[in-house]
Amino acid sequence: MDHYGPTLFPSASHFRQYLSRTLSLCLFALLSCTVSLAADNPPSADELMQRGRAAAHQGAFEEALLAWKAAADLYDQTGETKGHIHALTQAAFAARTLGHVNQAFLQEELALHLARKLHDPQLLALTLSELGKTYVANHQYEVAADYLTQAFEIAEAQPLRALSLALQNDLGIVMALQGRLEDALTAFRKCAVSSKQEELTSLFIRARVNEARMAIQLAQFDAVAPALDEAVVRLAEGGPSYEKTEGLVNLALGYRDLALAHSPSYASALTRSAALLQEAAGMAQNPADARLASYAFGHLGHLYEIERRFDEALQLTRRAVFTAQSARAPESLYRWQWQSGRVLNQLGQLDDALSAYQEAALTLHPIRSEVTFALQTIPDQHQPSVRALYFELADLLLRRAALMRDNREAEPYLRAARDVIEAFKAAELRDYFRDDCVDQMQARITKLDVLSPSTAIVYPIIFSDRTELLVSLPDGLTRHSIPVTATTLTEEVRRFRHMLEKRTTREYLPHAQQLYDWLIRPLEPDLRRLNVDTLVFVPDGSLRTIPMSALHDGKQFLIEHFAVAMSPGLDLTDPQPIDRANVHLLSSGLTKAVQGFPPLPHVADELNSIHALFKGERLVDQDFLTPRLEEELRGGRYSILHIATHGQFATDVNQSFLLTFDARLSMTQLEQLVGLFRFRREPLELLTLSACQTGSGDDRAALGLAGIAVKAGARSALATLWFINDDASSELVAEFYRQLHDPSISKARALQQAQMKLLSDRVYEHPAYWAAFLLLNNWL
């Protein structure tokens, strides 16, 4: 047998014997995975709690959630407050693991309320701890740290030693997520030392692994192996158990991280990692441990993948898939299906690789939130992002399409590749907004590319080595592969956006022309042939941060040839034309300087111009308060909501807001207000935000802007990428509504005409004045 590094098994025969020993375990676990429930005797609350724990132990968190919620109801009915609190916190844990963060918050807030009334310090500390973890899952690290610190102080005062040490580890995780690596390292070291003294072995192992990972990130490599070695010695003192198996897997990952980060330690650390994983797999003999066994086999397979020993990697990974299936552990299963696809691709088995990737994507689909929100240890730096799974699958599908004889045979693979990226875009938006607004929008969609014979849908997919353009035309789907890397494209986009906001120069022009040459010029023959007059872009990554309307062919801007709209995804747009005859408008905004923001004096003229065209109500300055806005939206049947105020879209949705007279309206509050329309026959047709801004290099903030209509439950949104001249904004918006009053033109054409009006004005011809406005989602 050839060797490409450390010997993970002494010989091929040992390897085969090792695999065969595991097969009986896998089969037994598979046959044992169904549990029958007695129907005639309703379970007690205590029995339901035990069922929940058993289900969670096997990774069946949906079942655990149902059992714990039922237990909470029974404890509530019998007045057992302590049991009720425990059941609520367990249900919140399951909900958080599944990504149902809002549900977790509700359960934990109730548990916290009950714990405060009970005056039980231990229960209070536990509920504060769980609430803090949910805030971590929601990326609200400062709030999370506050709750965890409160819990830690209560646990220290009691003393509740085991809980206080666990909280010290949790606080270290929050520090690491905040980028406070030195503080996190200190917290983990303290936790490890104290856990060892208290003989809390599982916590000691977790803290040492976390300490090692922090030391690796800080390049303190001399400290890594001693920390891990000490944990291995301590773990060896105990007999076989679930906790020991889990500790072996975690320690193996610590050594793997050291091997990959520090080349002098590569051979010894990788060999140590393999030995620990072999021991863990051998110890996981109980069918209830199949989930852990899948991690041991899968990570061991990954070590062989790293060593480029793909045949052995594939065999181990298939064992990991089998045990994950038997354990009903989708959060483990998708990783090993994905790993199988990577290995098969390396072996040149393209069709088998495609099947494995597709299985991984299907497994991941219902648990995307679970993967996103899982909070156990410091994030694994060597676990590829979920984005990589979708893009690798799309890449394989496009490679498969290239092998077809003609466009007709290739088109199903092109559509499949686009659908894969579409699934990722929906998951990405769901992750940004942290709720199910995406699912609600997808419930009423129509596929964009079956609409409008004069519209083309341009779908860029940015790979590391190239950029693909999938274009839906009236006569079919076409593909253009552009030899521009992700790095090159992103750098050009960043320069274009930076120069575009400089109103006194034309330095943006070379970048506008370069991007046009890459993204539009290859499409020109088809666009001319089919008389396309509207382009709808579904941008990816950095392309979300720029206005396509300002791309330039050397003579004219793109907006002079086409109406332009953007959508966060094909499956996230509800394409219905607005009923111009029955428009009812609610406008709101600020003209005065409030909360440190400058005045917007032209907003008054802007609102006057709109109300001259459409009937409705207005809330200005001191009348523009959240309660008044809610009152109007509850009582009025509005089809357009126009908000002319300062707004900011940030990387974190929790930092995004719209300014009211005395407060800041969060995206969640906006959704709750506009979401009132979801209970009516017609949703909000148009949401206009005429003074927003995003960071010039902030792709995630731009994602929030692009998804604002989805979040708010509106069919369309008109919003700005950056704050522009108040007078120019008011003039463009007024012209947009004048054009919109004409039922013969679409919203995209209305925006095109408004932008071209400013373009024709020598005062406002620079794209900094007119290009910031984007029409999002429904362009009809």
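The second largest cavity of this predicted model is lined by P547, M548, S549, V564, M566, L751, Q755, F773, L774 and L775. A cavity is here a set of points, on a 1 Å grid over the protein atoms alone, where a 1.4 Å probe fits but cannot get out, and lining residues have an atom within 4 Å of a point. About 50 Å³ of space lies in this second largest cavity, a volume being the space filled by probe spheres set on the points, with grid points joined across faces, edges and corners. At least two lining residues each come from β5 (563-566), α31 (747-759) and β15 (773-777); β15 contributes the most, with three residues. Helices (H or I, at least four residues) and strands (E, at least two) are DSSP runs, numbered from the N terminus. By class, this lining comprises eight nonpolar, two polar and no charged residues, where Ala, Val, Leu, Ile, Met, Phe, Trp, Tyr, Cys and Pro count as nonpolar, Asp, Glu, Lys and Arg as charged, and the others, Gly among them, as polar.

In total, the structure holds three cavities of 30 Å³ or more. The largest cavity contains about 70 Å³ of space, and its lining residues include L600, V603, E606, W722, F723 and D726. Two or more residues of that lining are given by each of α25 (603-611) and α30 (726-740). Seven nonpolar, three polar and two charged residues make up the lining of the largest cavity.

Residues are numbered from 1 along each chain as its sequence is written. Local features need pLDDT of at least 70 and side-chain atom pairs count only at pLDDT 80 or more, whereas totals for chains, interfaces and linings use all residues; side-chain values use heavy atoms, with hydrogens and water left out.

In helix α26 (residues 626-635), T626, L629, E632 and L633 are buried, that is, under 20% relative accessible area, with exposed meaning over 50% and partly exposed in between (1.4 Å probe, protein chains only). The buried residues of α26 fall within an arc of 125° seen down the helix axis, and therefore line one face of the helix; the arc is that of the directions from the helix axis to the C-beta atoms. On the other side of α26, P627, E631, R634 and G635 are exposed. The cover over the buried residues of α26 includes β6 (585-589), β7 (616-620), β8 (640-644), β11 (664-666) and α27 (667-674), contact meaning heavy atoms within 4.5 Å.

Helix α8 (residues 161-177) contains D170, which counts as buried because its relative accessibility is 15%. Residues up to four places away in sequence not being counted, D170 touches S129, K133 and L148.

Note on methods:
On a 1 Å grid over the protein atoms alone, a cavity is a set of points where a 1.4 Å probe fits but cannot get out, and a pocket is an open set with protein on both sides within 12 Å along at least five of seven lines; lining residues have an atom within 4 Å of a point.
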